[in-house]
Amino acid sequence: MRLLLIAAPGGGKGTQGELLAARFGVQHISSGDVLRAAADAGTPAGREAAAYQRRGDLVPDQIVFDLLIPVVAAAAARGGYILDGFPRTLPQAMKAAEIGLERDLTLDAAVYLHVPEPVLVERLLARARPDDTPEVIEHRLQVFADTTSPLIDYYRRDRGILVEVDADQPPEVIADEIQARLEDMSRTSG
Ligand code: ADP
């Protein structure tokens with residue numbers, strides 16, 4: 001199982017990533033966590049990533065690819081992954097698709113967790129991570145709308161692998177719905 005989760009900040013990618021990874025017996029890979037871990041380790045790439053994360057800006061693609069590809073490749077070799085937060089832009093998705101032809105990035109499905117904006121803001125303010133201040137939240141939501149949301153149409157129209165779910169529901173209900181939709185998908189595609 002190779003799955004990508006797409007959601008606005010606060011959309012529940014992390015929660016679903018963990019639930020689905022446990023259900024499918026594959027690794028949950030959070031790009032935000034991988035980047036934060038590199039920052040904590042104090043590597044040059046990690047320190048650079050941290051500066052972008054603090055402001056709610058996207059980390060440059062080269063850093064993201066350098067840090068994420070080895071993690072994704074290792075998980076693919078062990079049977080798959082639930083990717084949460086990478087690819088996050090059209091250029092990242094295109095490059096991932098290109099690499100995927102030869103390597104480990106070919107997705108079975110992309111799942112868009114849809115949550116109304118007021119609910120997102122409420123969840124983020126309750127979480128209180130360092131990049132969860134009102135100003136940075138507003139900026140991250142804008143970055144999602146401008147830069148990440150085009151991925152939804154890309155995976156729907158160009159790739160035909162999008163699954164959209166109402167993610168303003170209890171986590172287990174959302175996971176059930178995703179699982180059912182994925183089963184439908186694999187039945188119809190043979
Ligand atoms: P959220 O989705 O709630 O904003 P994440 O942990 O997924 O939380 O991401 C936090 C930050 O990590 C982002 O604001 C961005 O700076 C960085 N980041 C995560 N994934 C990527 C990516 N694929 N490309 C660029 N930056 C990323």
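Which pocket does the space taken by the ligand correspond to? In this model, the ligand's space is the largest pocket. A pocket here is an open set of points on a 1 Å grid over the protein atoms alone, with protein on both sides within 12 Å along at least five of seven lines, and a molecule sits in one if more than half of its atoms lie within 2 Å of its grid points. The model is predicted, with local features needing pLDDT of at least 70 and side-chain atom pairs pLDDT 80 or more, while totals for chains, interfaces and linings use all residues. Numbering runs from 1 along each chain as its sequence is written, and side-chain values use heavy atoms, leaving out hydrogens and water.

Now to the ligand's surroundings. There are 19 residues around the ligand (a heavy atom within 4 Å), and K13, S31, Q53, D57 and G85 come nearest. By type, the shell splits into seven charged residues (Asp, Glu, Lys and Arg), six nonpolar ones (Ala, Val, Leu, Ile, Met, Phe, Trp, Tyr, Cys and Pro) and six polar ones (the others, Gly among them). Helix 2, residues 31–41, supplies the largest share, with four residues; helices are DSSP runs of H or I of at least four residues, strands runs of E of at least two, both numbered from the N terminus.

A polar backbone atom of V59 sits 3.0 Å from a ligand nitrogen, and a backbone N or O atom of G85 is 2.9 Å from a nitrogen of the ligand. The side chain of R88 puts an N or O atom 2.9 Å from a ligand oxygen. Taken alone the ligand exposes 550 Å², of which the protein buries 97% (Shrake-Rupley, 1.4 Å probe).

Elsewhere, there are two aromatic pairs (ring centres within 6.5 Å). F65 and F86 have ring centres 5.1 Å apart and planes at 85°, so they pair edge-to-face (over 60 degrees). F65 is in helix 4 (residues 61–77) and F86 in the loop between strand 3 (81–84) and helix 5 (90–102), so the pair ties together parts 21 residues apart in sequence. F86 is also joined to P87 by a cis peptide bond, with omega about 0°.

Conventions
Polar contact = N/O pair within 3.5 Å; in protein donor to acceptor, adjacent residues only side chain to side chain. 1 Å grid on protein atoms, 1.4 Å probe; cavity = no way out; pocket = protein on both sides within 12 Å on 5 of 7 lines; lining within 4 Å. Phe/Tyr/Trp six-rings, centres within 6.5 Å; stacked < 30°, edge-to-face > 60°.
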